[in-house]
Amino acid sequence: MAQNWLARAQSEGAPLIDEHSATFVWQGDDPPLLRGDWNDWDVSQPLPWRRVRRARGTLPATPLWIATLELAPDVYMEYCLGTDEARVDDPLNPRRVSNGMGKYNHCFYMPQGGPTPLARRDRNAPRGEGVQLDLPTEMLVAGSRRRLILYRPMTPGPVPLLLVYDGPDYLRRASLAVVVDNLIAQRRIRPIALAMLANGRGARMAEYGGSDGTLAFVHEMVLPAARQHLDLIDITAQPGAFGVMGASMGGLMALMTGLRLPHIFGHVLSQSGAFHLGPYQTSALELVEQGAARPLRLWLDVGRYEGLLESNRRAHDLLQARGYDVAYREYNAGHNYTAWRDDLWRGLEALFPWNES
C-alpha cells in the first residue's frame with residue numbers, strides 16, 4: 001500500500017533494503033529517470049517506476065512511485081535521479097559520493113555489504129609520512145609540471161615502491177594511505193612506499209593508453225624523485241620488486257608499465273582495467289599476445305556491474321593462456337572509487353605479502 005511504502009521510506013531511508021532487493025521510492029508527479037551501476041548508467045534503459053495504489057485500489061492524492069531492483073546480498077551500488085544535465089536529489093537518501101566529474105551519486109550497500117574497516121584510521125597504527133612534489137614534465141607528459149605525492153611508511157629499512165596512477169584520487173577518494181598503514185600495522189602486507197602520480201586531466205586518456213612519454217616520465221623523473229625522498233630497496237639487486245597500480249585507464253597503464261619495465265615493476269595491480277576501447281584491443285594486450293611472458297605477478301579485479309567486466313574476463317583469459325602469474329577477482333559493485341577502495345586490500349595482500357618482507 002502507498003502509505004506503508006512511504007512510512008517505511010521516511011523511517012528507514014531509501015532505497016528500502018531487503019535481503020535480495022532494493023526498492024526506490026518517489027513521491028510526486030512524473031518520477032525522474034532512475035539509473036545507476038546496475039545498468040552501467042544507460043540512459044536508454046532506466047529502471048521503470050510503478051505507481052502505488054491505496055488498499056482499496058484508489059490512488060493517493062500525491063502520486064507515489066516505487067521501483068524494485070533484485071541484487072546480490074553484498075552489493076555496493078551508486079545511482080542518480082534525472083539526467084546528467086538535470087539531476088535531482090533523492091530526498092529519502094542523504095548518502096552521496098562524488099562521481100569525480102563535478103557531480104554526486106547517491107549510494108547504498110546491501111545487507112551483507114559494507115565499507116572496508118581498513119579505510120578507517122586505526123589510532124594504534126603508525127601513520128606514514130608524505131611529501132608533495134611538483135615535477136617538471138620535460139615535455140614527456142602534458143603541462144609544465146606534474147604533482148607527485150610520496151609516502152614513506154613508519155618502518156625501518158629499505159622498502160619496495162608502489163607507483164600509483166591517478167594517485168591523488170586514490171589518496172583522497174579511496175583512502176589509500178590509511179588502508180596501507182592499517183595493512184602494515186596488522187602485518188598483512190610488507191611495508192611499502194607509495195609514489196602517487198597525478199593524471200594529465202584532459203590528456204589522461206592519451207597518457208594512460210600506453211604512452212611511451214608516460215613511461216619515460218616515470219623512469220626519468222618519478223623514480224629519481226622517489227629514490228631521493230624515500231628509503232627504497234635496490235631494484236638492481238632485486239629486479240622487479242617494485243609495483244604499479246591503477247584503475248580503469250590507469251589499470252591499463254599499470255599493465256603496460258609492467259610489460260615494458262618488468263625489471264622494475266614486477267608487481268601489477270589493475271582495478272577495472274580498460275583493456276579494450278570499444279571493439280579495439282589495446283596495445284598492452286597486443287604485447288601479451290605477441291611476446292614471451294614477462295616475469296610479472298598480476299592481480300586483476302573488476303565489478304560485475306560495469307561495462308568493463310567482459311574486457312577484464314578476456315584479458316585474464318589471455319594472460320593465463322600466455323603463461324602469466326595472474327590472479328583474478330570479480331566483486332558485486334560498479335566502476336567507482338568506493339568499490340576499488342573496498343577491494344584494494346586483496347590485491348595488496350596478494351602482491352606484497354607480509355612473509356616476503
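Predicted model: local features only at pLDDT ≥ 70, side-chain atom pairs only at ≥ 80, totals over all residues.
Visitor: What is the bridge partner of L16 in β2?
Guide: Strands of a sheet pair through backbone hydrogen bonds, either parallel or antiparallel. Here β1 and β2 (residues 21-27) pair in the antiparallel sense, over two bridges. In β2, the partner of L16 is T23.

Visitor: Are α5 and α6 roughly parallel or roughly perpendicular?
Guide: The axes of α5 (residues 212-229) and α6 (residues 249-260) come within 11 Å and cross at roughly 70°. Angles of 65 to 115 degrees count as roughly perpendicular. Therefore α5 is, relative to α6, roughly perpendicular.

Visitor: How many residues in the contact of α5 with α6 are nonpolar?
Guide: The crossing of these helices, α5 and α6, is right-handed. From α5, the contact involves D212, T214 and L215; from α6, M253, M256, T257 and R260. By class, two are polar, two are charged, and the nonpolar ones number three.

Visitor: Is N4 exposed or partly exposed?
Guide: N4 sits in helix α1 (residues 2-12). Its relative accessible area is 46%. Exposed means over 50% and buried means under 20%, so N4 counts as partly exposed.

Visitor: How many Å apart in space are N4 and A237?
Guide: In sequence, N4 and A237 are 233 residues apart. Taken C-alpha to C-alpha, the distance in space between N4 and A237 is 68 Å.

Definitions and conventions
Residues numbered from 1 in each chain as written. Heavy atoms only, no water. Axes fitted to C-alpha atoms, helices over the stretch in contact; angles between N-to-C directions. Helix = DSSP H or I, 4+ residues; strand = E, 2+ residues; numbered from the N terminus. Parallel < 35°, antiparallel > 145°, perpendicular 65-115°, else oblique. Left-handed = near helix turned anticlockwise from the far one by under 90°. Contact = heavy atoms within 4.5 Å. Nonpolar A, V, L, I, M, F, W, Y, C, P; charged D, E, K, R; others polar. Pairing = 2+ DSSP bridges. Buried < 20%, exposed > 50% of the residue type's maximum accessible area, 1.4 Å probe, protein only.
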